[in-house]
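Please keep the sequence and the model in view while going through the numbered points.

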Amino acid sequence: MSDAQPPVVLIVEDEPDVADTYRLWLADDYDVRVAENGDEGLEELNSDVDVVLLDRMMPGLSGDEVLAHIRDEELDCRVAMVTAVEPDFDILEMGFDAYLSKPIKSDQLEDTVTNLLERSEYDSLLQEYYSLVEKQATLEATKSRAELAESEEYEKLTSRIGDLRGELSETLGGIEDDEDFIATIRGLSNQDEN
């Protein structure tokens, strides 16, 4: 991400009206590119792209396949799945950074892009932590307590988040609780901006 140029956001969405709405919401602050399907999305991907807003269900190359390509190619961009597909435990294997369930509002989309750009500045440990917390929140919003309690994948996810929190707390100098943790992370982010 460059200070001189606005960050680049790539919208990969097969519904033109939806893509245009997202573009209008973001155009004042970002260099917005739009691709109408997965193949076109891959053509638009390059090192200039900072954030990808990716629909999961598209004709031809799916959003899941585009996401796999992005991670296989180790492109340094953050990815938000923006989709009507109800998340299931399969999202734990996916390499996205945020998951938005349609329909979404403008402030939700703008906040997500802002948060993903901030995360790009963090080291890999923090990026993994935020990615897993996002998946945890997505599952907790859509699955029942019983489903979560029965899921071995969810248990592994929760355990990994705890491990990462411990590592980060140790690295950052003894954080007592969630509020301290969040305040410390935000403080680091603000220091980076100054």
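1. From the N terminus on, the elements follow the order β-α-β-α-β-α-β-β-α-α-α-α-α. The secondary structure amounts to eight helices and five strands; helices (H or I, at least four residues) and strands (E, at least two) are DSSP runs, numbered from the N terminus.

2. This is a predicted model, in which local features need pLDDT of at least 70 and side-chain atom pairs count only at pLDDT 80 or more, while totals for chains, interfaces and linings use all residues. Residues are numbered from 1 along each chain as its sequence is written, and side-chain values use heavy atoms, with hydrogens and water left out.

3. The five strands form an open, parallel sheet in the order β2-β1-β3-β4-β5; two strands pair if DSSP finds at least two bridges between them. Because β2 (31-35) and β5 (98-101) stand at the edges with a single partner strand each, one side of each has no neighbour in the sheet. On average, neighbouring strands are turned by 20° against each other, direction ignored. Axes here are lines fitted to C-alpha atoms, for helices over the stretch in contact, and angles run from 0 to 180 degrees between N-to-C directions.

4. Strand β1 (residues 8-12) pairs with β2 in the parallel sense over five bridges, and five bridges also join β1 to β3, again in parallel. V9 stands opposite V32 in β2, and its bridge partner in β3 is V51. I11 stands opposite V34 in β2.

5. Helix α4 (residues 106-119) lies across β1, β3 (49-54), β4 (78-83) and β5, running at about 140° to β3. Within helix α4 is T112, which is buried at a relative accessible area of 11%. Leaving aside residues up to four places away in sequence, T112 touches A80, A98 and L100, where contact means heavy atoms within 4.5 Å.

6. For the protein as a whole, buried residues make up 40% of the 194 residues.

Definitions and conventions. Buried means under 20% relative accessible area, exposed over 50%, partly exposed in between (1.4 Å probe, protein chains only).
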